[in-house]
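Reader: I would like a close look at one part of this model. Please place that part in the wider chain as well.

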Amino acid sequence: MFFFASAAASSAYLTVSESFPLEVRALAIAVVYALGTALGGVAAPWIFGSLIGTGDPAAIAWGYAAGAALMLLAAGAELWLGVAAERRALEDVARPLSCVDEESTTSV
């Protein structure tokens, strides 16, 4: 389980770092990291502890199934929202905000 969670966290970090312009990239990474830490570090142990506290192995199995469903949902979101960034410069994936667009500065 931790193997898949670690891969998901690494993928989220890379997706965020490549999807945002350079000027806001660090903030975006910080926000995603903070939210992931809050959910994974606070909510997950509480839910898992509650499932163990029931004493029912089926409850723990349903908890793992719910975690797997959430990872499948995240994979679907990546397929829908993800950008093809392989072998491309970050500036090509998300143009820096400081980059001046020549078309927008010309008068009509």
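Where does Leu97 have its place?

Author: Leu97 is in the loop between α4 (90-93) and α5 (102-105). Helices here are DSSP runs of H or I with at least four residues, strands are E runs of at least two, and both are numbered from the N terminus. A word on the basis: this is a predicted model, residues are numbered from 1 along each chain as its sequence is written, and side-chain values use heavy atoms, without hydrogens and water. Local features need pLDDT of at least 70 and side-chain atom pairs count only at pLDDT 80 or more, while totals for chains, interfaces and linings use all residues.

Leu97 has a relative accessible area of 57%, so it is exposed. The classes are buried under 20%, exposed over 50% and partly exposed in between, with a 1.4 Å probe and protein chains only. Together with Phe20 and Val24, Leu97 makes a nonpolar surface patch of about 250 Å². Patch residues have over 30% relative accessible area and no salt bridge; nonpolar side chains (Val, Leu, Ile, Met, Phe, Trp, Tyr) are joined within 5 Å, like charges within 9 Å. A salt bridge is a side-chain nitrogen of Lys or Arg within 4 Å of a carboxyl oxygen of Asp or Glu. Areas come from the Shrake-Rupley method with a 1.4 Å probe.

Now the wider chain. It has 5 helices and 0 strands, in the order α-α-α-α-α. Buried residues are 10% of its 108 residues.

Helix α2 (residues 22-53) packs with helix α3 (residues 57-81) at about 155°, axes 8 Å apart. Axes are lines fitted to C-alpha atoms over the stretch in contact, and angles run from 0 to 180 degrees between N-to-C directions. The pair is therefore roughly antiparallel, a class that takes angles over 145 degrees.

Val32 is in α2 and is partly exposed at 34%. Its C-alpha is 7.7 Å from that of Val16, 16 residues apart in sequence. Ala75 lies in α3 and is partly exposed at 38%. Ala75 and Ser11 are 64 residues apart in sequence, and 10.0 Å apart C-alpha to C-alpha.

How values were computed:
Parallel < 35°, antiparallel > 145°, perpendicular 65-115°, else oblique.
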